[in-house]
Amino acid sequence: MEITKIDYKNVLYPPGGILVWIIIFLELITFGAVLIAMVFSVNQEPEIFHKSRLLLNLTYGTINTVFLLTSGFFMAITVHELKLNNKQRAQGYLLLTMFFGLLFLALKSVEYYAKLSAGLDMGYNTFFTFYWMLTLFHVIHVIVGLVILTSVYLGIKKENPRTKMEDVEASAAFWHMCDLIWLLLFPVIYLIF
Amino acid sequence: MVTPLSRNLFDILIMNKQNVITWILLLLLTVIAGLVSSAHISYVIPLILLLAVLKFIGVAFNFMELRKANVFWGVLIIGFLVVFCGLVLLIKT
């Protein structure tokens, strides 16, 4: 595997590369703006938002946070092991990263099923419009992240991998971005109203 | 008795001490946020946001290795958090 020494202190070369960091900031600003709009809407219908928030399952939300953080932890270890050229170990940790990502999606599906069964769909009220819009958009990012990680896994599994360390770091940064977005969504949607 | 699995876990702990500590702290902060949200105390919203900010910084600076990057990127992330949390608090309170 090709590992080139990068000077991260250079402003143009943050870990993962400048392009993925531009994407990360654009995503954070987009999600942040919608969350601010959601908080703004609370002032119009505080009672509805409070009652709707109580209809969410805090335990699911907390467990999903644990799944994503654990997945992010294994991703960080994967990158660390690859830098040490421990390809075999890195593959194992990358599988664990994806496994916890899949657990997140599985629990999210259970949560969505319960909400839809109770009739709490996107048109139920303003709170649930924001809930579905924000969490579904986040879920799409997690699915895209899993596809990217699968391609990284297949890339580094080869005898003579052409996958570069920068590619792995960029993929890791994208995956961690899903954590960052969730860390904004979780308190605002599940906790503060 | 040292099994291959326990040996492997031991290696993770030693070789990735900083990531392990960050991970444990992140999990603790998550549990605390859950408990704080259901407690009837004043300043719940600022407290929950503070816990979220700490987790965000833990992921960005340790897992994403922003601590190794140029200070510009760290300032941008902190700046985003200040603006986001400031607006939430301003609108909500």
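The buried residues of helix α1 of chain A pack against α2 (46-54), α5 (126-157) and α6 of chain A, together with α4 (71-92) of chain B. The model is predicted: local features require pLDDT of at least 70, side-chain atom pairs count only at pLDDT 80 or more, and totals for chains, interfaces and linings use all residues. Residues are numbered from 1 along each chain as its sequence is written, while chains are lettered from A and ligands numbered from 1 in the order in which they are written.

The predictor assigns the complex an ipTM of 0.89 and a pTM of 0.90. For chain B the mean pLDDT is 86, with 87% of its residues at 70 or more; pLDDT is the predictor's confidence in each residue, from 0 to 100.

Helices here are DSSP runs (H or I, at least four residues), numbered from the N terminus. The 25 residues of α1(A) should span 36 Å at 1.5 Å a residue, and the end C-alpha atoms are 36 Å apart, which agrees; the expected span is 1.5 Å times one less than the number of residues. Among the buried residues of α1(A) are Trp21(A), Leu28(A), Gly32(A) and Val39(A), where buried denotes 20 or more other C-beta atoms, placed from the backbone, within 10 Å of a residue's own.

The axes of α1(A) and α4(B) come within 9 Å and cross at roughly 10°. Axes are lines fitted to C-alpha atoms, for helices over the stretch in contact, and angles run from 0 to 180 degrees between N-to-C directions. The two helices α1(A) and α4(B) are therefore roughly parallel, a term used for angles under 35 degrees. Residues of α1(A) including Trp21(A), Phe25(A) and Phe40(A) meet residues of α4(B) including Trp73(B), Phe80(B) and Lys92(B). By class, this contact has 14 nonpolar, 1 polar and 1 charged residues. Ala, Val, Leu, Ile, Met, Phe, Trp, Tyr, Cys and Pro count as nonpolar, Asp, Glu, Lys and Arg as charged, and the others, Gly among them, as polar.

The contact between the chains takes 35 residues from chain A and 33 residues from chain B, residues being in contact if their C-beta atoms, placed from the backbone, lie within 7 Å. On the side of chain A that touches chain B, α3(A) gives the most, with 11 residues.

Within chain A, Leu94(A) lies in helix α4 (residues 87-117). Leu94(A) is buried, with 26 other C-beta atoms within 10 Å. Leu94(A) and Met75(A) are 19 residues apart in sequence and 6.2 Å apart in space, C-alpha to C-alpha.

How values were computed. Contact = placed C-beta atoms within 7 Å. Buried ≥ 20, exposed ≤ 12 C-beta atoms within 10 Å, placed from the backbone. Parallel < 35°, antiparallel > 145°, perpendicular 65-115°, else oblique.
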